[in-house]
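Welcome, and please have your viewer ready. We will go from stop to stop, with something to select at each one.

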Amino acid sequence: MRKSVLVLSGFILMMFFACTTNPFTGKTQFNAVSNDQIFPAAFQQYDEFLKENKVITGTSDAKMVTTVGQKIAAAAEKYLNANGYQGYLKDYQWEYKLVQDPALNAWCMPGGKIVVYTGILPVTKTEAGLATVLGHEISHALLNHGGQRMTAQQAQQVGAAVLGAATTGESEAAQQIYMQAYGVGSNVLGVLPFSRNHESEADKYGLILMAIAGYNPDDALAFWQRMSAQGGGGTPELLSTHPSDATRIANLQKMIPEAKAEAAKFGVTFK
């Protein structure tokens with residue numbers, strides 16, 4: 001029992017010190033991993049990835065990736081500066097690469113390292129479609145979602161340790177039942193909704209960034225509809241880290257007016 005109390009105390013202290021305010025949203029977030037810790041590792045992994053994959057350069061598509069990425073990054077800086085967070089992006093090392101890969105994917109590592117796979121370009125179709133993707137992925141980095149997910153995994157591990165210490169007097173079979181129930185429960189009730197919330201949050205700020213960059217957020221709906229047409233059902237929303245296609249598109253429709261209103265503050269308007 002004493003062991004479980006000590007572990008629980010450590011868990012409570014971890015939660016207390018892991019609460020920080022995200023300058024991008026102004027919200028308190030659960031994050032025990034600082035950018036100073038995560039950026040160097042991300043930069044190293046990015047360089048290794050580029051060495052192991054075919055990077056496309058000099059083409060119109062490669063130039064488009066760089067152009068759109070730079071516009072979204074500039075929009076992020078404008079947004080942060082306007083909200084009193086000048087210099088927040090000083091440690092970001094923006095880089096935009098197009099990589100030969102048939103996957104419908106793109107990503108932005110913590111610190112601004114971006115990759116777009118050639119496979120997603122037939123779905124993005126236009127600069128606005130690509131801006132939808134890059135706005136979303138860059139928002140993940142700006143919202144510190146990588147650090148938050150690492151923190152959530154740490155918290156889940158600590159919770160398992162607390163449960164293990166609290167059930168030391170039980171039979172081995174009972175302990176296994178407890179741990180299995182905890183694993184399912186903590187995922188469905190905690191980690192997965194946490195991840196889905198990240199996706200919706202990145203959708204919202206992705207729309208804002210693309211709008212400030214001059215891309216009409218209405219075009220995001222067409223992109224996600226095209227993406228939805230690429231799939232065939234998939235994992236139920238309850239057990240997924242992403243919202244369902246229908247949920248995402250419905251939420252985006254509600255978010256678009258706010259994105260346009262934010263862009264208007266920077267003199268960008270849409271018909």
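Start by selecting strand 5 and strand 6 (residues 113-117), which pair in the antiparallel sense over four bridges. Keep in mind as you look around that this is a predicted model.

Now zoom in on the link between these strands. Strand 5 and strand 6 make a hairpin, with three residues between them. In the turn, select glycine 111, whose phi is positive at about 95 degrees. Then find methionine 109, which has lysine 113 of strand 6 opposite.

Show the side chains of strand 5 (residues 106-109) next. Which way do they point? Ala106 and Cys108 go one way, Trp107 and Met109 go the other way, and all are buried.

For the last stop, select helix 5 (residues 127-142) and helix 8 (residues 218-230), whose axes come within 9 Å and cross at roughly 80 degrees. The two helices, helix 5 and helix 8, are therefore roughly perpendicular to each other. Show Ala128, Gly129, Thr132 and Val133 on helix 5, then Asp219, Ala220, Phe223, Trp224 and Arg226 on helix 8, to see the residues that make the contact. Colour these contact residues by type and you will find five nonpolar, two polar and two charged.

Conventions: Residues are numbered from 1 along each chain as its sequence is written. This is a predicted model: local features need pLDDT of at least 70, side-chain atom pairs count only at pLDDT 80 or more; totals for chains, interfaces and linings use all residues. Side-chain values use heavy atoms; hydrogens and water are left out. Buried means under 20% relative accessible area, exposed over 50%, partly exposed in between (1.4 Å probe, protein chains only). Two strands pair if DSSP finds at least two bridges between them. Axes are lines fitted to C-alpha atoms, for helices over the stretch in contact, and angles run from 0 to 180 degrees between N-to-C directions. Angles under 35 degrees count as roughly parallel, over 145 as roughly antiparallel, 65 to 115 as roughly perpendicular and the rest as oblique. Contact means heavy atoms within 4.5 Å. Ala, Val, Leu, Ile, Met, Phe, Trp, Tyr, Cys and Pro count as nonpolar, Asp, Glu, Lys and Arg as charged, and the others, Gly among them, as polar.
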